[in-house]
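Dear colleague,

I am passing on a structure that I would like you to look through when you have time. My notes on it follow below.

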Amino acid sequence: MVPHDNDPVVILVVTVGRRVHRVLIDQGSSVDVMFWSTFNKLQLSPDKLRPYNDYLFGFAGDQVDVRGHVELRTTFTDDTTSRTINIRYLVVKAPSTYNILLGRPALNRIGAVASTRHIKMKLPSLDGAVITIKSDQKAAKKYYENSLKTKRGVCSVTSQPQRGEGVARAEMA
C-alpha cells in the first residue's frame with residue numbers, strides 16, 4: 001500500500017439527489033464551500049442563492065468572487081447507513097480540483113471525525129450506528145497533486161467584515 005500519512009480525506013456526498021465526488025474534508029476551514037462549477041453542474045438556479053455581504057480574500061491577498069450562499073440537504077453514507085443534514089454552502093467562483101470543501105461547521109454539526117492516517121471519516125447515524133466513509137486514496141492523491149501543479153487551488157480565505165464589525169476568518173486548505 002502507498003504511504004498516505006499526508007493524503008487528504010476526499011469523499012463522496014449526495015446533494016440535490018446527485019452524487020458529488022471530490023469533496024475535501026477540511027478541518028481547518030471555518031466555512032463550507034461549494035465551487036461555482038459544481039453549483040452549475042447540479043443545475044441549480046442562481047435564484048436559489050442568497051446574498052453574502054462579506055468579502056473573501058485568497059492566501060495571496062486576491063479577492064475571491066463570492067456568488068452567495070445556498071442551503072442544501074446533504075447526505076453522508078457508507079452504503080449501509082446514512083445521515084442527512086442541511087448545509088449552508090458559500091458558493092465561490094474560483095477554480096479548484098475539488099467540488100466542495102467541507103469545513104468545521106458541517107463536520108461539527110454531524111459529529112464527524114476525519115483521520116488522514118486512516119483516510120476515513122466517521123460520524124454517528126441518528127440511531128447510534130457509526131457511519132464510516134472511506135477516502136479513495138489514489139484519487140485523493142491525484143486531486144491533491146493536481147491542485148499543487150496548478151495555481152488554481154484556493155489555499156486560504158479570509159472573511160473581512162463590514163466596517164464596525166469584529167474580524168472573522170475563514171481558512172481553507
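Predicted model: local features only at pLDDT ≥ 70, side-chain atom pairs only at ≥ 80, totals over all residues.

Residues are numbered from 1 along each chain as its sequence is written, and side-chain values use heavy atoms, with hydrogens and water left out.

I start with H69, which lies in strand β5, residues 63–77. With a relative accessible area of 10%, H69 is buried (buried means under 20% relative accessible area, exposed over 50% and partly exposed in between, with a 1.4 Å probe and protein chains only). The side chain of H69 makes a polar contact of 3.0 Å with that of R88, a polar contact being a pair of N or O atoms within 3.5 Å, where within protein one must be able to donate a hydrogen and the other to accept it, and where residues adjacent in sequence count only if both atoms are side-chain atoms. Not counting residues up to four places away in sequence, H69 touches K48, L49, R50, P51, R88, Y89, L90 and V91, where contact means heavy atoms within 4.5 Å.

As to the chain as a whole, it has 3 helices and 11 strands, and from the N terminus on its elements run β-β-β-α-β-β-β-β-α-β-β-β-α-β. Of its 173 residues, 45% count as buried. Among the contacts in the chain with a separation of 6 or more, 60% come from residues 24 or more positions apart. The accessible surface of the chain comes to about 9800 Å², of which 48% belongs to carbon and sulfur atoms; these areas come from the Shrake-Rupley method with a 1.4 Å probe, and for residues only the protein chains shown count as cover.

Helix α3 (residues 137–149) has 13 residues and reaches 18 Å from its first C-alpha to its last, close to the 18 Å expected at 1.5 Å a residue, the expected span being 1.5 Å times one less than the number of residues. Within α3, the buried residues are Q137, A139, A140, Y143 and S147. They cover an arc of only 165° around the axis, which puts them on the same side of α3, the arc being that of the directions from the helix axis to the C-beta atoms. An α-helix has 3.6 residues a turn, so residues three or four places apart point the same way. The buried residues of α3 pack against β1 (10–15) and β2 (18–25), whereas the face turned away from the buried side carries the exposed residues K138, L148 and K149. A139, at 15% relative accessibility, is 132 residues from D7 in sequence and 10.0 Å from it in space, C-alpha to C-alpha.

On the strand side, R19 lies in β2 and counts as exposed at 57% relative accessibility. Leaving out residues up to four places away in sequence, R19 touches L12, V13 and V14. R19 and T75 are 56 residues apart in sequence and 9.3 Å apart in space, C-alpha to C-alpha.

Turning to the loops, S125 sits between β9 (120–124) and β10 (130–134) and counts as buried at 7% relative accessibility. The side chains of S125 and D127 are joined by a polar contact of 2.3 Å, and, leaving aside neighbours within four places in sequence, S125 is in contact with T81, S82, R83 and I131. V16, in the loop between β1 and β2, has a positive phi near 55° although it is a residue other than glycine, and V16 is partly exposed at 38%. Q43 is not a glycine and has a positive phi of about 55°; Q43 lies in the loop between α1 (36–41) and β4 (55–57) and counts as exposed at 68% relative accessibility.

Finally, a search of the whole structure finds 1 salt bridge, defined as a side-chain nitrogen of Lys or Arg within 4 Å of a carboxyl oxygen of Asp or Glu. The side chains that meet in it are those of D65 and R67, at 3.2 Å from N to O. D65 is partly exposed at 35% relative accessibility, and R67 is partly exposed with a relative accessible area of 32%.

How values were computed:
Helix = DSSP H or I, 4+ residues; strand = E, 2+ residues; numbered from the N terminus.
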